[in-house]
Structure formats: structure tokens, C-alpha cells
Amino acid sequence: MARPVALSIAPGAILFTIFFLAPFAVLIGSSFASWGGVDFTFTGWDNYRTMIQDPVFWKAVRNTLFYSAVSIVVQVPFGVVIGIILSQKLPGWRTFRTVIFVPFVISGAAYALVYAAFYNSRYGLLNQALALVGADGKDWLYDTGTARSAVAATFAFIIGFTVILVMAEIASIPRELYEAAETDGASLLQQHLRITLPLLRNVIGTCVLVRLLGDIGMFDVVFILTSGGPNDSTVTLALYAYRAYLDGAWGYANAVGTTILVIGLILIVTVRRAFRIGERAL
């Protein structure tokens with residue numbers, strides 16, 4: 001009995017080892033070494049000491065946290081509100097839902113190219129619109145005062161994922177709860193504040209977690225729009241690690257990658273406990 005079971009899980013275990021455990025071990029092990037692809041010398045905590053003394057690393061940390069905060073403060077709450085409104089099945093809700101969801105399936109690279117043209121200082125639509133009202137335009141992506149916000153604006157309102165999950169969860173809430181609240185004289189707003197939002201706890205927590213995990217590894221949008229500039233004002237942790245790879249400092253880059261991994265694990269545990277994800281709402 002044991003042998004058939006072992007044979008049945010062997011392919012999965014082999015693939016898991018090749019594509020997850022082995023790269024994971026290389027990531028952790030080489031983060032304590034000087035490694036450029038050929039020479040390999042263990043250097044202890046040197047990569048981590050160099051990393052925490054590098055001001056660009058802390059810029060990358062602040063920018064990554066900023067992009068994550070935009071998702072949590074703007075993207076998720078806005079998506080929840082729109083999801084609740086659309087769940088009321090107002091006229092045209094299906095069309096509106098489709099329009100909102102389409103941007104979610106477009107790749108970040110395609111978005112970045114569109115916004116690069118939109119922000120262009122010479123022919124961009126944004127500066128042309130400002131000129132119509134007599135306002136001065138800017139080089140939005142190459143001004144240290146506006147570059148980070150301009151990058152964040154490209155994804156802040158991509159709310160399709162949150163909207164769809166919220167609408168699906170609301171559809172599963174028993175209608176009797178709303179009917180009882182209505183009988184007791186609760187307004188529509190009170191029904192959503194006292195019934196809908198508490199029962200959306202799991203979904204909201206999932207949306208926050210998914211966005212955070214996506215944002216701490218943000219690379220393509222920033223790379224295409226600004227490559228981390230100007231003056232590293234938009235650089236993220238993933239882009240910072242990529243630069244180290246290009247410089248041949250693979251061990252140092254993996255130290256940054258390990259740091260991203262640790263941050264991700266902390267976020268998973270924190271968000272899961274804060275929203276009690278997986279626990280029954282009723």
C-alpha cells in the first residue's frame with residue numbers, strides 16, 4: 001500500500017523539488033556569499049550589512065511600501081464600494097462590471113506603455129489637457145517630485161479583481177438577513193454597514209493580501225516607465241535586486257530577494273490574523 005502511494009506522489013514531489021525547493025535553497029544559500037555566476041565564496045552576513053547601509057535600498061523599501069499603501073488605501077476600499085453598488089443590480093450594471101474588469105486582465109507592461117505616452121512631456125494627453133485650462137504641464141515621470149505618484153496612479157484604480165470577488169461574496173449572503181433588517185427599519189446604508197461589510201471580512205482580507213504580495217514584487221510597470229529614476233525616486237525592491245544581477249552581484253541580489261521573501265511572509269501572517277482569513281463570518 002505504501003509503495004503505490006509513494007509512486008503516486010513521486011512526480012509531484014520531484015517537480016516541487018526542482019522548481020521550488022532547489023531555487024529556494026539557492027536563493028537563501030547564495031545570499032550569504034559573493035557570487036557572480038562562477039566564483040562562489042561564503043561571506044557570512046556581508047551582503048545584508050552592505051544592503052542596510054545602502055541609502056538606495058531604503059529608498060526602494062519606502063517606494064515599495066508606498067505602492068503597497070496605495071493599493072490598500074485606494075484600490076481595495078474603492079473596489080469594495082463599487083462592488084457593493086453594482087450588487088444592487090442597477091440598470092447597466094453588467095456593462096459597467098465588464099468595463100471595470102477589463103483593465104485587470106491587461107498586462108502591466110501594456111499599461112506602462114500606454115501611460116508612458118499619456119505622461120509624455122511633449123505630446124502626452126495629460127499636458128495637452130492641462131494646457132486647455134491654462135495650467136502648466138510637467139515632465140511627470142522625470143521630475144523627482146511627481147514621478148512616484150505618477151507611477152502609482154497607473155494602477156491605483158484597477159479595481160476589477162476586488163469588485164468581482166465582492167460581488168460574488170455578496171451573492172452568497174442570505175437575503176433573509178437584509179429582509180429582517182429592513183423589517184426592523186434599517187436603511188440601505190445601515191444594512192451594508194451592519195451586515196454586508198462584516199460578512200465581507202474574508203474577501204476584503206484576501207484582496208488586501210493579494211495586492212500586497214503583488215506590490216512588494218512590483219517590477220514591470222516601474223521598469224518600463226522610469227527604470228527606477230529619476231534619482232532612484234521610483235525604484236522598488238525587485239528593481240533594486242535586478243540592478244544587482246546586472247552588475248554581476250548575484251549573491252547580493254539574492255540577499256535582496258530573501259528580504260522580499262521575509263517581508264512577504266510577515267505580511268501573510270499579519271494580514272491573515274488581522275482579517276481572520278479562513279474563519280467563518282456567520
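The crossing of helices α1 and α14 is left-handed, a term used when the near helix is turned anticlockwise from the far one by less than a right angle, with right-handed for clockwise. Helices here are DSSP runs of H or I with at least four residues, strands are runs of E with at least two, and both are numbered from the N terminus. This is a predicted model, in which local features need pLDDT of at least 70 and side-chain atom pairs count only at pLDDT 80 or more, while totals for chains, interfaces and linings use all residues. Residues are numbered from 1 along each chain as its sequence is written, and side-chain values use heavy atoms, leaving out hydrogens and water.

Two packed helices are described by the angle between their axes and the distance between those axes. For α1 (residues 2-30) and α14 (residues 250-275), the axes come within 7 Å and cross at roughly 115°. An axis is a line fitted to C-alpha atoms, for helices over the stretch in contact, and angles run from 0 to 180 degrees between N-to-C directions. The two helices are therefore roughly perpendicular; that label covers 65 to 115 degrees, with under 35 roughly parallel, over 145 roughly antiparallel and the rest oblique. On the α1 side, the contact is made by Phe24, Val26, Leu27, Ile28 and Ser30, and on the α14 side by Gly251, Asn254, Gly257, Thr258 and Leu261. Contact means heavy atoms within 4.5 Å. By class there are 5 nonpolar, 5 polar and no charged residues. Nonpolar means Ala, Val, Leu, Ile, Met, Phe, Trp, Tyr, Cys and Pro; charged means Asp, Glu, Lys and Arg; the others, including Gly, are polar.

How far apart are the end C-alpha atoms of α14? They are 37 Å apart, which agrees with the 38 Å that its 26 residues should span at 1.5 Å a residue, the expected span being 1.5 Å times one less than the number of residues. Just after α14, Arg276 takes a positive phi of about 50°.

I turn to a second pair. Helix α9 (residues 175-183) packs against α10 (residues 188-199) at about 160°, with the axes 10 Å apart. That makes α9 roughly antiparallel to α10, and their crossing is right-handed. Leu177, Tyr178, Ala181 and Glu182 of α9 meet Gln191, Ile195, Thr196 and Leu199 of α10. This contact comprises 5 nonpolar, 2 polar and 1 charged residues.

Next, the loop between α12 (220-225) and α13 (237-246), where Pro230 is found. The peptide bond from Gly229 to Pro230 is cis, with omega near -5°. Ser227 lies in that loop too, with a positive phi of about 55° although it is not a glycine. Most residues other than glycine have a negative phi, and most peptide bonds are trans.

Finally, the unreviewed UniProt entry places "domain: ABC transmembrane type-1" at residues 61-271. Such annotations may be inferred rather than shown by experiment; feature names are shortened and positions follow the numbering used here. That span is 72% helix and 0% strand.
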